[in-house]
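Hi everyone, thanks for coming along. Today I'd like to walk you through one protein chain, step by step, and please have the picture in view while I talk.

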Amino acid sequence: MSGPPLKSVVVGIVNEFKKCGRCKQLRPPESFVSATGRTMLSCQPCRKYSRRVNQASRDARPGSDRAMNLWTKYRITEAFYDELRSRQGFRCAICGIHEDELPATLAGRPRKDGKPSASAFRLVVDHCHGTSTVRGLLCNGCNSALGHFRDSPEALRRALDYLQSEPPSVPPREVI
Ligand SMILES: [Zn+2]
Ligand SMILES: [Zn+2]
């Protein structure tokens, strides 16, 4: 029998392996390369496990996508949104339509498992585009109407004057 002693072969293999930062197991180097080719600190089974755990915790808290949406878009909490809703009597701050009469706009991405996504927003958050201050909750129609008038009080006043002004006198239609 010749060749390197068994012990040095084993040591050589072990040295090629990397220790996972999470489970502390020795794994082959390819276990630490992500699908996008990045070198990771935890092994593939650990990464797979934590993805499952994260998904399970999202499923357990169906409101969290909605909360995340409110926070990333407007920097308000879900509790503040609900406080605004009840302060406004669950109605649009301009036209007064009740949120139950509004179609639900979906919040967040559709989910892979087919479950309904986060509880929908019926009243949308209206915020000042200059200062990002939240002004109140509106129905989609009123919110986009404000957008069409570029949130300009002057333009809205002119629109009101226009609506209330006397129409120009039109010559009577000739009877044929
Ligand atoms: Zn691991
Ligand atoms: Zn409205």
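I'll start with the overall layout, then go through the hairpin, the core, and a few loops and helices.

First, some housekeeping. What we have is a predicted model, in which local features need pLDDT of at least 70, side-chain atom pairs count only at pLDDT 80 or more, and totals for chains, interfaces and linings use all residues. Residues are numbered from 1 along each chain as its sequence is written, while chains are lettered from A and ligands numbered from 1 in the order in which they are written.

So, the layout. The protein chain has six helices and four strands; helices here are DSSP runs of H or I with at least four residues, strands are runs of E with at least two, and both are numbered from the N terminus. Reading from the N terminus, the order is α-β-β-α-α-α-β-β-α-α.

How much of the chain is buried? Of its 176 residues, 9% count as buried. By buried I mean that 20 or more other C-beta atoms lie within 10 Å of the residue's own; exposed means 12 or fewer, partly exposed is in between, and the C-beta atoms are placed from the backbone. Now for contacts, where two residues count if their C-beta atoms, placed from the backbone, lie within 7 Å. Among contacts with a separation of 6 or more, 34% join residues 24 or more positions apart.

Let's look at the hairpin. Strand β3, residues 124-127, pairs with strand β4, residues 134-138, in the antiparallel sense over four bridges. Pairing requires DSSP to find at least two bridges between the strands. Which residues face each other? Asp 126 stands opposite Gly 136 in β4, and Val 125 has Leu 137 as its bridge partner. Between the two strands of this hairpin there are six residues, and Ser 132 in the turn has a positive phi of about 65 degrees.

Leu 137 leads us to the core. The largest nonpolar core has seven residues: Cys 92, Phe 121, Leu 123, Leu 137, Leu 138, Cys 139 and Cys 142. A nonpolar core is a set of buried Ala, Val, Leu, Ile, Met, Phe, Trp, Tyr and Cys residues joined through C-beta atoms within 7 Å. What does Cys 139 touch? Leaving out residues up to four places away in sequence, the partners of Cys 139 are Cys 92, Cys 95, Ile 97, Leu 102 and Leu 123.

Gly 96 sits in the loop between α4 and β3, and it is exposed because it has 11 C-beta neighbours inside 10 Å. The C-alpha atoms of Gly 96 and Leu 138 are 8.6 Å apart, although 42 residues separate them along the chain. Gly 141 belongs to helix α5 and is partly exposed, with 14 other C-beta atoms within 10 Å. From Gly 141 to Cys 92, 49 residues away along the chain, the C-alpha distance is 9.7 Å.

Next, Ile 76, in the loop between α3 (64-74) and α4. Ile 76 is partly exposed, because it has 16 C-beta neighbours inside 10 Å. Apart from neighbours within four places in sequence, Ile 76 contacts Leu 70, Tyr 81 and Val 134.

Then comes helix α4, residues 78-87: one of its 10 residues is buried, so the helix lies largely in the open. Just after α4, Gly 89 takes a positive phi of about 65 degrees.

Finally, the loop between α5 (140-148) and α6 (153-164), where we find Arg 150. Most residues other than glycine have a negative phi. Arg 150, however, has a positive phi of about 50 degrees, and Asp 151 has one near 55 degrees. Arg 150 is exposed, with 10 C-beta neighbours inside 10 Å, whereas Asp 151 is partly exposed, with 15 other C-beta atoms within 10 Å.

And α6 itself? Zero of its 12 residues are buried, so α6 lies largely in the open.
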